[in-house]
Amino acid sequence: MSGDGWSERLFDGFPEPVLLLRERRVAYRNQAAAGRFPGLRAGDEMPEALRTLLGEARPPAAAAGEVNGWPCIASLQEMGGDTLVVLRSREGSAGRPGLEGLAHQLRRETATLSAALQRLDPTEEAPDEEKAKRYLSAANQGLYRIIRLADHLALSGGEEGQWTPQGLDLAGLCRETAEEVEGVCRMGGYDFTWALETAGLLTVGDDRLLRRMLLCLVSNAMKAAGQTGKLGLRLSVRGDRAVITVWNTGRDLEEKDVARMFGGDQAPSMDVKQGLGLGLEVVRRAAVLHGGTVLAESREGVTRCVVSLPIRRPEGGELLRTPRVDYSGGFPTVLVELSDVLPPELYRVEDLQ
């Protein structure tokens, strides 16, 4: 096979599995891919495990999950009208991504918090009431951002104690989270909509991790859309899987974005203006713990993060509860997780009490 810059020799000795897909069929697979998918030949349909991971993704895109029990990340690129898929192992990768960038952001948030508190120093000339409220709001937001960083570091580091599954109503969780987000987005000037395909969806999972996962995705979408774009959340059911989609209008994904997604070859960005940082590692971790996959892609000016989770009905006698707002140490989760994108005015003391 040749043409369009393609050469089999380029990937024959590649240590990672590489496939070329043409109309959802395998046009090429290297030796590493043959080892991962025994018996797979050119012309065969895409393996079911890979189809589950990739869904209907089109390049450029990235997906994270498991293929036949192998934790991996898939990067999709266009190759002369076909789709080049490169699979990379998650095994042995750093569990705590971007520590240098994390330290930089932590220092920045600490400095912001310190500066706001210094302006409230009673030994200095007292600011007027309105200025004092602004300074205190900035200090509160800085505190919430530091809490968010600590929580994300703990979760992305793989602490097993973070995982406590039980019976829950996933539709109820999405509804309550979306209603919270809708309220703060309205106050913050963001255009957010949501839709549920079903009124109730019983499954087994960790409501706290799933809520954090949803809010991380919303935070990324808010950064990308800004106050001039649109974003939204949708829950649908596809066979035995629940599909959660968080989308936004704005800048399409580029190859460099795909490369660093889910702990890719490049260090995750810690820029608060970007939505491809530590939060996506938290999303990946939460999805994998639930046996699911996560996919990020762009099509025609709309970027989507799609989380596909298996529906696992609670067994008889298992406690079922509709998740409620999760407060950690008295801090509302929605304001913690969106603290890097919401305006400081939403962190006034009188509104937080």
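A salt bridge, 3.9 Å from N to O, joins the side chains of Arg-211 and Glu-176; the term requires a side-chain nitrogen of Lys or Arg within 4 Å of a carboxyl oxygen of Asp or Glu. The model is predicted, so local features need pLDDT of at least 70 and side-chain atom pairs count only at pLDDT 80 or more, while totals for chains, interfaces and linings use all residues. Residues are numbered from 1 along each chain as its sequence is written, and side-chain values use heavy atoms, with hydrogens and water left out.

**The Arg-211 and Glu-176 pair**

- Helices (H or I, at least four residues) and strands (E, at least two) are DSSP runs, numbered from the N terminus.
- Arg-211 is buried at 1% relative accessibility, and Glu-176 is buried with a relative accessible area of 16%. Buried means under 20% relative accessible area, exposed over 50%, and partly exposed in between (1.4 Å probe, protein chains only).

**Other salt bridges**

- The structure contains 12 salt bridges.
- Arg-25 and Glu-45 form one through their side chains, at 3.5 Å from N to O. This pair links distant parts of the chain, 20 residues apart: Arg-25 is in strand S4 (residues 25-29), and Glu-45 is in the loop between helix H2 (31-36) and H3.
- Arg-25 is partly exposed at 38% relative accessible area, and Glu-45 is partly exposed at 49%.
- Glu-48 pairs with Arg-51, their closest N and O atoms being 2.5 Å apart. The two are three residues apart in helix H3, and therefore separated by about one helical turn.
- Glu-48 is exposed, with a relative accessible area of 52%, whereas Arg-51 is partly exposed at 29%.
- A network of salt bridges links Arg-148, Arg-212, Lys-223, Glu-337 and Asp-340.

**The largest pocket**

- The largest pocket holds about 490 Å³ of space. A pocket is an open set of points on a 1 Å grid over the protein atoms alone, where a 1.4 Å probe fits, with protein on both sides within 12 Å along at least five of seven lines; lining residues have an atom within 4 Å of a point.
- Of its 20 lining residues, Gly-55, Glu-56, Val-243, Val-306 and Ser-308 are the closest to the centre.
- Among the elements giving two or more residues to the lining are helix H3 (48-54) and strand S14 (302-310).

Conventions: Grid points are joined across faces, edges and corners, and a volume is the space filled by probe spheres set on the points.
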